[in-house]
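Please view the sequence and the model together while reading.

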Protein chains: 6
Amino acid sequence: MNQGGLAEGVGADPARTSFSMLRDVKEFQAAINAPERCVVPVIAAVAGHVLGLGIDIIAACDVRYAADDAQFSIMEVNVGIAADIGTLAHLPKITGNHSLLRELAYTAAPFSAADAAQLGLVSRVVPGGATAVTSAALALARTIAGKSPVAVAGTKRVLLHARDHTVAENLEYVAVWNAAMLHTESLAASRARRAPQFKPLRTPAKL
Amino acid sequence: MNQGGLAEGVGADPARTSFSMLRDVKEFQAAINAPERCVVPVIAAVAGHVLGLGIDIIAACDVRYAADDAQFSIMEVNVGIAADIGTLAHLPKITGNHSLLRELAYTAAPFSAADAAQLGLVSRVVPGGATAVTSAALALARTIAGKSPVAVAGTKRVLLHARDHTVAENLEYVAVWNAAMLHTESLAASRARRAPQFKPLRTPAKL
Amino acid sequence: MNQGGLAEGVGADPARTSFSMLRDVKEFQAAINAPERCVVPVIAAVAGHVLGLGIDIIAACDVRYAADDAQFSIMEVNVGIAADIGTLAHLPKITGNHSLLRELAYTAAPFSAADAAQLGLVSRVVPGGATAVTSAALALARTIAGKSPVAVAGTKRVLLHARDHTVAENLEYVAVWNAAMLHTESLAASRARRAPQFKPLRTPAKL
Amino acid sequence: MNQGGLAEGVGADPARTSFSMLRDVKEFQAAINAPERCVVPVIAAVAGHVLGLGIDIIAACDVRYAADDAQFSIMEVNVGIAADIGTLAHLPKITGNHSLLRELAYTAAPFSAADAAQLGLVSRVVPGGATAVTSAALALARTIAGKSPVAVAGTKRVLLHARDHTVAENLEYVAVWNAAMLHTESLAASRARRAPQFKPLRTPAKL
Amino acid sequence: MNQGGLAEGVGADPARTSFSMLRDVKEFQAAINAPERCVVPVIAAVAGHVLGLGIDIIAACDVRYAADDAQFSIMEVNVGIAADIGTLAHLPKITGNHSLLRELAYTAAPFSAADAAQLGLVSRVVPGGATAVTSAALALARTIAGKSPVAVAGTKRVLLHARDHTVAENLEYVAVWNAAMLHTESLAASRARRAPQFKPLRTPAKL
Amino acid sequence: MNQGGLAEGVGADPARTSFSMLRDVKEFQAAINAPERCVVPVIAAVAGHVLGLGIDIIAACDVRYAADDAQFSIMEVNVGIAADIGTLAHLPKITGNHSLLRELAYTAAPFSAADAAQLGLVSRVVPGGATAVTSAALALARTIAGKSPVAVAGTKRVLLHARDHTVAENLEYVAVWNAAMLHTESLAASRARRAPQFKPLRTPAKL
């Protein structure tokens, strides 16, 4: 993360080093938060150790499944910094117990899959380790892939908007969204009393 | 939802159809979100199937009780659209596990009263079906009705404000609110060492 | 809370009384929300009754532990007002079940430590009363005190910012924060392969 | 504005009177701010005295033309209150000199059409009194009426959104808006190399 | 501004120096922005040089008058920093030409009272130097002092809120404000057909 | 702008066409708003016709100079759409007369350099056409290039933040910014009583 600082050269004034660091952190954040920009939902299936950057990565995903042996830690305080790649930005909004969240962030204490479920960080704890949790995540992915891609992509975008805006703002946003997106194959098929047939969206992964 | 589109006539350009749809969705949202504008708290007691619009309706209420046989589904992706009447606007703010919420919204999967409790969507799962959950909701309503209506209505309004504003903004808002609303019968009765006597608020249901 | 009103004198017009009340409430809020302005985390360990102002106080803390005998009540509606010192501002953001929160706020109903855990208000219910919960809180405090104070103080500030801003705004904020705060003793020690030695921050308690 | 207070009856506690006042002010605001909800632009042409509520009304319009003899005053401090129907909400956002705005709001001083132009409140000062300014406004209205109603209504809605949101939020909003609204008669006519023919929007005046 | 850094001692790690700087800047900001927290309006009358911190100070005032010989400069870039005590926070919101504002902020170029008027920074350019501008400001202050203090203080607070919130949020805020503040001496006097008699507000200067 | 729609193929359902359009507009916006992401200030010098996209482009720049023969038009309503690449997002925030702005946006009327100055869109009208305005812009660029690049880049970033946030939020942001950026060559040179020597920032153009 401090290559940028080095780019300014030894003896650069500290402001320039800070400026380079800022650029590097922003670039790093953009990379790790790619799942959020992805048009379709991204499911994280974790097993074993999920530490530091691991938390940043799953925090930017839509759904999180954990194997029952998963072990988590928001460990950045152990290296002397505040977590800056997404953990502290996302977790207060997507979980349901700030007391537990702050405790974990201030102590870097390890926590189990069951703790993660209590925190509201994962929606499912899957017995059977990495294989089982991967299976469960793939099954979920297959279910989602069978739905209208326009409806799923719209639901994702509207939920992300809702996270960051008031209820009134989101109602306005979704009304405009659906003014554009209501004519779908689903509705056409439903009117024609036939099964809908979905082609993949011919858009790049991100929006 | 597409009557508005028809109002523009067959062959209207798609922009006009979209414009009419927008108006219709806004009107529909306003109707379904009436519980939020209601001055007094609104309690939803649900049993059996709570699907699509059912979720939109309960999301706009203050308190949600579910019979243990209740079955829920955010089913709009099944008809090819993003839920646009309130579900996606409200649920990220009033529940505590975004991973579970998104999973349910992307799959339209049915979920039980127990799942709804885990999500943080309902505050009580009542054994005994529709009759029992209605009883429980009415008992809660009676308790609330015994409190100072000015205090209850103020608490509702301040909580709705808190949901959509920062802590600092809400502290300012409630301070101004109470500068107007502190002289109540409750305080007068308390000073006079008598039981307070509450008359109903002579205001319309909404504010 | 109405001394300010009195300061304007008997017979002052009601607007002036309201103005004085506003000033008094703002001052009271500032006092009770001091834990939030404190540079280091503040842990609330509660036992017995936590009523009204007690809830305001713990809501402004970072972490909340409850003895298993703790009994809570958001009791302001019983005195005819909306809670105005922090409870209604903080709780919708730090807990995970608005249905339960509103129910408790509208009824002033007592709730147990277990209910508080279900609400997401406390992160730990400690068996053994006041002594045990104090011990647990002190142990947590000692763990936090062993970490880099710059990292812990930064984590607190960034989490408070995240609570009140969008994910994108918080990512920008933490990137700038760490541009300033990345050169710490922790990193220096890690590079020198020695144990870090933390001195206390020579700053006042609040920022 | 205090009929609502009376509705509660003589001797009602002050909190109830305040509650009724709040309802009345909100209703009054909704009426006076109707021009903002109107789908098409609303032009205010003023001559003579524009005082108090007059300012509230023109503040909610899209465009303001003043006869050169127009005389303005934000006169609410003279009746002992802060202007509460729109003046203080709108003017800081639609004008360009807060120093002048606050001076006028604190003193209730009369100001001329030329002052209003300096403040940024009106876009045109028309010599010739009421007749001339009405002519000018009607000419402007005719020009606007000759444009695509979908484009004009969309431009209004997007500008109102821009006033209240960040640049990034508005760019997202207008992108979704145009995803719905890009297929217009204008584009069709342009491709067919013919003059566009606009029918009125078959929507009610407000959205 | 770097005393705080020194407080950490020579050889403190840079993060601690940054932390101390942050505290110092926040304290400095709080001092210089006192005019904004002042209950009554604050008028800045300037003559001669208004440089750097001078701009920060007047930016936090309500009204700005300039002698025709006043000379301004946002000069912080000349000392290698971004202005951090209020200039960059306030000026984009209270003036009406961002192109000119940014030009002045990037170049530290001196600008005249006439330029300040074009920018929308001052509401009046007074010929006659310091004496004349002070007279004009005092005359304005006397006019304001003759108005209802509750109405003037309320107008100030509502305008500050409007600067930082949407139109809808401010309409709600002022409605609640006036629910508390409508019963004033002004209204009582008006009903009794007598001249209102205002006593000073018995509140401290800040709110 | 409708290539994206074509990418979905003839006969694609309208929702997919809308989805592609959305992606295309977002991409187009990102390209045209590049000046805002550029680390150093960008100056627009315009002469002749500045129409539609021309306004979008200059709106994203920091400073705007116009030749006295420049002619502007927000002409999107003439092609049946709301301007969606930046004009409507930026102009309400960077100019000082919404009445004039909306009038121009609803009519697509041409406006002169003098009108643009009255609107607050340009900071300087330069007599002498394209050559003269280019000279003036280059002179301004040279002046800015002589200043501390860290200070200028910081000033830009803080001003952009101020445009989109409250005063309190920007004061916090700039305090953290300067905690990172205060140690500059400017300060070092000033302490050493020598002229500062600025090297270019070794960062890419955007941040």
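## A sheet in chain B

In chain B of this predicted model, 3 strands form an open sheet in the order S2-S4-S5, with mixed pairing. Strand S2 (49-51) and strand S5 (111-112) of chain B are the edge strands, as each of them pairs on one side only. Between S2(B) and S4(B) there are 3 bridges, and these two strands run parallel. Within this pairing, His49(B) stands opposite Gln71(B) in S4(B).

Ile74(B) belongs to the loop that lies between strand S4 (71-73) and helix H5 (87-94) of chain B. Is Ile74(B) buried or exposed? Its relative accessibility is 3%, and because buried means under 20%, Ile74(B) counts as buried. When neighbours within four places in sequence are left aside, the contacts of Ile74(B) include Ile55(B), Thr87(B), Leu91(B) and Leu101(B). Leu104(B), Ala105(B), Ala108(B) and Phe111(B) are also among the residues in contact with Ile74(B). Asn170(B), by comparison, is 96 residues from Ile74(B) in sequence, and the two C-alpha atoms are 31 Å apart in space.

## Strand S3 of chain E

Attention now turns to another chain. Strand S3 (residues 63-67) of chain E is mostly covered, with 5 of its 5 residues buried. Which residues point each way from S3(E)? Val63(E), Tyr65(E) and Ala67(E) point one way, whereas Arg64(E) and Ala66(E) point the other way; all are buried.

S3(E) is joined to two strands, as the table shows.

## Helix H10 of chain C

The last element is a helix. Helix H10 (residues 167-181) of chain C contains 15 residues. From its first C-alpha to its last, H10(C) reaches 20 Å, which is close to the 21 Å expected at 1.5 Å a residue. H10(C) is also mostly covered, since 13 of its 15 residues are buried. In general, an α-helix has 3.6 residues a turn, so residues three or four places apart point the same way.

Notes: Residues are numbered from 1 along each chain as its sequence is written. Chains are lettered from A and ligands numbered from 1 in the order in which they are written. This is a predicted model: local features need pLDDT of at least 70, side-chain atom pairs count only at pLDDT 80 or more; totals for chains, interfaces and linings use all residues. Side-chain values use heavy atoms; hydrogens and water are left out. Helices (H or I, at least four residues) and strands (E, at least two) are DSSP runs, numbered from the N terminus. Buried means under 20% relative accessible area, exposed over 50%, partly exposed in between (1.4 Å probe, protein chains only). Contact means heavy atoms within 4.5 Å. The expected span of a helix is 1.5 Å times one less than its number of residues. Two strands pair if DSSP finds at least two bridges between them.
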